[in-house]
Amino acid sequence: MIQAARSGDEAAFAHIPLVGVWRNGFLESVHHGTAVLTGTDGSVVEGHGAVDAPMFPRSANKPFQGLAMLRNGLDLEGELLALACASHSGEAFHLEGTRRILARAGLPESALRCVPDLPLGAAQRDAWLADGRGPERIAMNCSGKHAAMLLTCVRNGWSTEDYLAPEHPLQKAVRQAVEDVAGEPVAAVGVDGCGAPLFAISLAGLARSFGRFAGAAEGAPERRIADAMRAHPQWVAGTGRDVTDLMRAIPGLLAKDGAEAVYAVGLPDGRGAAVKIADGATRAHIVAIAALLWRMGADEQTLATFAQSPVYGAGEVVGAIRAFPLLSEPAR
């Protein structure tokens, strides 16, 4: 049974056309969405769509979860801290890193409460299936985060069996961290795909948070997370992933994607940007975030591989997926 929209839900979907799909010069499809730029002080500099409406950041919230863990004694640095904030592809080093975190906690893989899954990366998934393996918790793209959550619980003497419960001390700390960096109260609570509590904030709050992480002072926990992710982008995503490649391409950039076509970035000067594609199409969110980065002054040549994706016909490139003119020129 289809449930009718509740009063007020319509405002959350005040999206606008952001990305088009052109085939042989003909506009074939349109992806609507919401996009926002925030300044060094966290204020909205430019907004397209209902940037103050609540939305679920999905895995773009992982740096916030990492912040809550660092505040509560998580003792990880470098690639393992990056993995704690990752949506990894399931490459061998990702799984080995997750096991290293679990070993620090003195816990087996069975302690993980993320849902069993196949590796997120296509090549890793194919190899996994070829080996005759099915869904496993260690292969789930959030397993590094869950291992870090367990380690945080062990460091604090908290229970590990129910660490995903919203009333657990760890998840209360995550909610507080989300509200602190977004500068606004949580608007709704859901359950993410991995099983962890998910806290709704505005798209402006998401962009603001990434600016605060990317521009945080040396030694601050936000800076520790940003530095780990920027230094080890392959641990945040994986080989060939646009998050990995984007952070490598733009010095000092902090980037993280999320399910349902959410993408957020932060620059070292404290500015942030975020996009949410209404229909959840990930083919559009990297194009839109590249357009926002261009508006923020990023080099056009550096962004060229991200700013559009090819459209094929008969095995040949016949068009492109690219942002509409609204986002096609640098902001003044």
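User: Where is the place of Ala261?

Analyst: This is a predicted model, in which local features need pLDDT of at least 70 and side-chain atom pairs count only at pLDDT 80 or more, whereas totals for chains, interfaces and linings use all residues. Residues are numbered from 1 along each chain as its sequence is written, and side-chain values use heavy atoms, with hydrogens and water left out. With helices (H or I, at least four residues) and strands (E, at least two) taken as DSSP runs and numbered from the N terminus, the place of Ala261 is in the loop between S8 and S9.

User: Is Ala261 buried or exposed?

Analyst: Phi of Ala261 is near 60°, a positive value in a residue other than glycine. Buried means under 20% relative accessible area, exposed means over 50%, and partly exposed lies in between (1.4 Å probe, protein chains only). The relative accessible area of Ala261 is 0%, so this residue counts as buried.

User: Over how many bridges do S8 and S9 pair?

Analyst: S8 and S9 form a hairpin with 3 residues between them, and Glu260 in the turn has a positive phi of about 60°. Gly258 stands opposite Val262 in S9. Two strands pair if DSSP finds at least two bridges between them; S8 and strand S9 (residues 262-266) do so in the antiparallel sense, and the number of bridges is 5.

User: How many residues of strand S8 are buried?

Analyst: Both faces of S8 are covered, with Leu254, Lys256 and Gly258 buried on one side and Ala255 and Asp257 buried on the other. Strand S8 (residues 254-258) is therefore largely enclosed by the rest of the structure, the buried count being 5 of the 5 residues.

User: At roughly what angle do the axes of H8 and H9 cross?

Analyst: Two packed helices are described by the angle between their axes and the distance between the axes. Axes here are lines fitted to C-alpha atoms, for helices over the stretch in contact, and angles run from 0 to 180 degrees between N-to-C directions; those under 35 degrees count as roughly parallel, over 145 as roughly antiparallel, 65 to 115 as roughly perpendicular and the rest as oblique. H8 and H9 are therefore roughly perpendicular to each other. The axes of helix H8 (residues 203-214) and helix H9 (residues 221-231) come within 7 Å, and they cross at roughly 85°.

User: Which residues of H9 make the contact with H8?

Analyst: Contact means heavy atoms within 4.5 Å. By class, the contact of H8 with H9 has 4 nonpolar, no polar and 4 charged residues, where Ala, Val, Leu, Ile, Met, Phe, Trp, Tyr, Cys and Pro count as nonpolar, Asp, Glu, Lys and Arg as charged, and the others, Gly among them, as polar. On the H8 side the contact is made by Arg212, Phe213 and Ala214, and on the H9 side by Glu222, Arg223, Ile225, Ala226 and Arg230.

User: Which residues of H8 make the contact with H7?

Analyst: The axes of helix H7 (residues 169-182) and H8 come within 8 Å and cross at roughly 85°, which makes H7 roughly perpendicular to H8. The residues of this contact divide into 3 nonpolar, 2 polar and 3 charged. From H7 come Asp180, Val181 and Ala182, and from H8 come Gly205, Arg208, Ser209, Arg212 and Phe213.

User: How many residues apart in sequence are the parts that Arg224 and Glu77 tie together?

Analyst: A salt bridge is a side-chain nitrogen of Lys or Arg within 4 Å of a carboxyl oxygen of Asp or Glu, and by this rule the count comes to 17 salt bridges. Arg224 forms one with Glu77, the closest N and O atoms being 2.5 Å apart. Arg224 lies in helix H9 and Glu77 in the loop between helix H2 (62-71) and helix H3 (78-84), so the pair ties together parts whose separation in sequence is 147 residues.

User: Which residues do salt bridges that share partners join into one network?

Analyst: Asp227 and Arg223 both lie in helix H9, 4 residues apart, about one turn of the helix, and their side chains meet in a salt bridge (3.1 Å, N to O). Asp227 is partly exposed at a relative accessible area of 29%, and Arg223 is partly exposed at 22%. Through shared partners, salt bridges join into one network Glu218, Arg223, Asp227 and Arg230.
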